[in-house]
Amino acid sequence: MKKLLISTFFSVAVISSYAQKYKLSSPDGLLTATISIGATASLELSKETETMLKMEDIDLVSEDEQLKGIKAVKTANQSVSNTVIPTVKEKSASYPENYNELSIKFKSDKALTFRLYNEGLAYCFTTSAKDSLIIYRENLSIHFHESDSTRYQSSKSFNSAYETPYEHDRLSDMESGKLCYLPLLVEKQNGSFVMVTESDLYSYPGLWLKNTGQAVLEGVQPPYPKKLNYSGNIYSHGQIAESHDFVAKVKGKRSYPWRIFALAENEEELIHNNLVYLLASPCELEDVSWIRPGVVMFDWWAKKYIYGVDFKSGINTETAKYFVDFCAAQGFRYFLFDDGWSPKDDLLSVNPELDMEEVTSYAAEKDVDIMLWVIWHALERQWDDAFDQFEMWGIKGIKMDFMNRDDQKMVAFYEAVARKAAEKEMVLNFHGAYKPSGLRRKFPNVLTREALIEFEYNGWTDYVTPEHHNLLAYIRMFTGPMDYIPATTRNSTKQSFRKSGAFPMGQGLSLIHI
């Protein structure tokens with residue numbers, strides 16, 4: 001169901017052709033984006049009479065300056081009214097999609113497209129160069145009011161598991177140089193919100209924000225990898241040892257990720273915002289009937305501590321069947337073998353106490369699907385053999401872990417895994433992963449991912465508090481579904497909580513629905 005309307009001057013107007021200034025309005029007329037094209041692009045986003053944010057130095061810079069200059073030579077505008085039907089279960093059976101769009105073609109081989117929804121603003125670059133490009137950087141400077149505050153997660157470097165506690169600061173008090181990964185939520189002085197994130201991220205580095213002081217956040221991106229480190233702890237193999245001084249190598253003709261600035265009057269509107277999904281590329285899969293979302297039970301802790309049974313618990317066939325029986329009785333779709341079912345660097349070998357063929361056959365009889373945990377670099381190294389072996393066993397899903405990067409090469413690897421898993425009719429869960437950025441729409445077998453502090457942290461920290469549980473629903477879930485353990489039967493108050501890796505407890509009861 002789609003309705004496409006060509007817009008009139010009521011949605012886009014040129015303020016001054018000499019100054020190259022344009023104005024774009026949202027379909028409901030409440031939001032206005034005033035766009036100025038000079039040495040670089042700048043923008044002011046307002047809601048009625050209030051300025052929500054300003055952006056300066058919007059530009060895409062190639063290493064050889066092939067893309068230098070943004071003198072507008074042609075503009076096009078349209079209004080779109082559309083209904084998007086998700087291919088697998090989402091928050092709603094359908095998503096309305098209504099926006100006004102302005103595209104500006106520059107004299108150089110690039111264009112800049114702005115879309116203004118009732119729910120916020122998005123923009124993206126496209127390039128039309130004949131030859132491949134090396135992207136040196138993508139510029140963006142976001143200006144807020146000094147008394148606005150922000151909730152965010154920070155990292156010491158781009159090498160991140162995306163598992164740090166939420167911090168809360170007035171922007172004027174935020175530590176200078178703080179490096180933040182997305183999504184980042186800004187609360188305005190009047191209590192309304194601005195969410196900053198991205199969508200349609202493919203073969204391109206993720207966007208981060210760096211505080212430069214005076215309520216200004218600058219867009220930055222991890223550089224293109226030059227050398228990876230494979231020494232030390234195996235969980236850390238494949239992390240960046242040396243980088244180039246550019247961020248991406250790309251085809252000359254392509255689109256780039258959408259930068260999203262979603263607006264909300266209250267927390268409820270954050271939950272109902274679907275811009276990340278709407279701005280992602282449509283589904284590439286012709287058949288999605290085999291994709292079955294559902295609850296996952298896994299054995300990471302409990303395999304060692306089952307009691308009252310007539311077998312020794314552990315990573316073995318008897319314990320696996322015990323879990324399968326429980327999943328079947330409770331209506332759980334998946335049982336996941338976590339760390340330990342195989343050597344960490346060899347996905348073709350199996351723990352000698354575990355008969356994988358027997359377990360998968362037994363699970364099929366119970367209508368329970370089996371998933372396997374893998375370290376990403378082991379999967380990369382044993383690519384075809386591992387996928388073929390998993391298919392032969394009857395594995396229905398993969399949990400990929402410890403990527404801890406979102407540079408261009410790693411982002412491309414996510415998509416490669418999604419495509420290969422779809423060929424084998426396997427679902428995916430990305431752990432140790434960056435935030436959702438639209439991949440689940442293009443490949444709906446990507447059911448969920450982490451990019452948060454979850455229950456496992458109760459084993460060694462006190463980070464997983466009731467406040468943390470509630471923030472996740474409004475910040476992290478804005479970008480997409482979460483790999484998250486929502487509750488535990490071993491609950492405590494803040495005063496009685498203690499860290500226990502063997503028998504983890506929780507602080508309060510979380511009722512988050514994922």
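Alanine 215 counts as buried, at 0% relative accessibility; buried means under 20% relative accessible area, exposed over 50% and partly exposed in between, with a 1.4 Å probe and protein chains only. I start with alanine 215 for its backbone. Although alanine 215 is not a glycine, its phi is positive, at about 60°. Alanine 215 sits in the loop between strand 16 (208-213) and strand 17 (216-220). Strands (E, at least two residues) and helices (H or I, at least four) are DSSP runs, numbered from the N terminus.

A word on the source. This is a predicted model, in which local features need pLDDT of at least 70 and side-chain atom pairs count only at pLDDT 80 or more, while totals for chains, interfaces and linings use all residues. Residues are numbered from 1 along each chain as its sequence is written, and side-chain values use heavy atoms, with hydrogens and water left out.

Back to the backbone. Most residues other than glycine have a negative phi, and most peptide bonds are trans. Asparagine 404 is not a glycine either, and has a positive phi of about 55°. The loop that holds asparagine 404 runs between strand 26 (397-401) and helix 7. Is asparagine 404 buried or exposed? Asparagine 404 counts as buried, at 13% relative accessibility. As for peptide bonds, the one from leucine 182 to proline 183 is cis, with omega near 5°. Proline 183 belongs to strand 14, residues 179-187.

In the loop between strand 13 (167-170) and strand 14 we find aspartate 173. Aspartate 173 is exposed, its relative accessible area being 52%.

Now aspartate 299, in the loop between strand 23 (296-298) and helix 3. Aspartate 299 counts as buried, with 3% relative accessibility. What does aspartate 299 touch, leaving aside its neighbours within four places in sequence? Aspartate 299 is in contact, meaning heavy atoms within 4.5 Å, with Phe323, Phe335, Leu336, Phe337 and Asp338. A polar atom of the aspartate 299 side chain lies 2.9 Å from the backbone nitrogen of aspartate 338. From aspartate 299 to leucine 24 the separation is 275 residues in sequence and 52 Å in space, C-alpha to C-alpha.

Next, a helix pair. Two packed helices are described by the angle between their axes and the distance between the axes. Helix 3 (residues 317-330) and helix 4 (residues 356-365) pack at about 15°, with axes 10 Å apart; axes are lines fitted to C-alpha atoms, for helices over the stretch in contact, and angles run from 0 to 180 degrees between N-to-C directions. That angle makes helix 3 roughly parallel to helix 4, the term for angles under 35 degrees, with over 145 roughly antiparallel, 65 to 115 roughly perpendicular and the rest oblique. Helix 3 contributes Thr317, Ala320, Lys321, Val324 and Asp325 to the contact, and helix 4 contributes Glu358, Val359, Tyr362 and Ala363.

Last, lysine 420, which is in helix 7, residues 408-423. Lysine 420 is buried, with 14% relative accessible area. Apart from neighbours within four places in sequence, lysine 420 is in contact with Trp383, Asp384 and Phe387.

Terms used: Polar contact = N/O pair within 3.5 Å; in protein donor to acceptor, adjacent residues only side chain to side chain.
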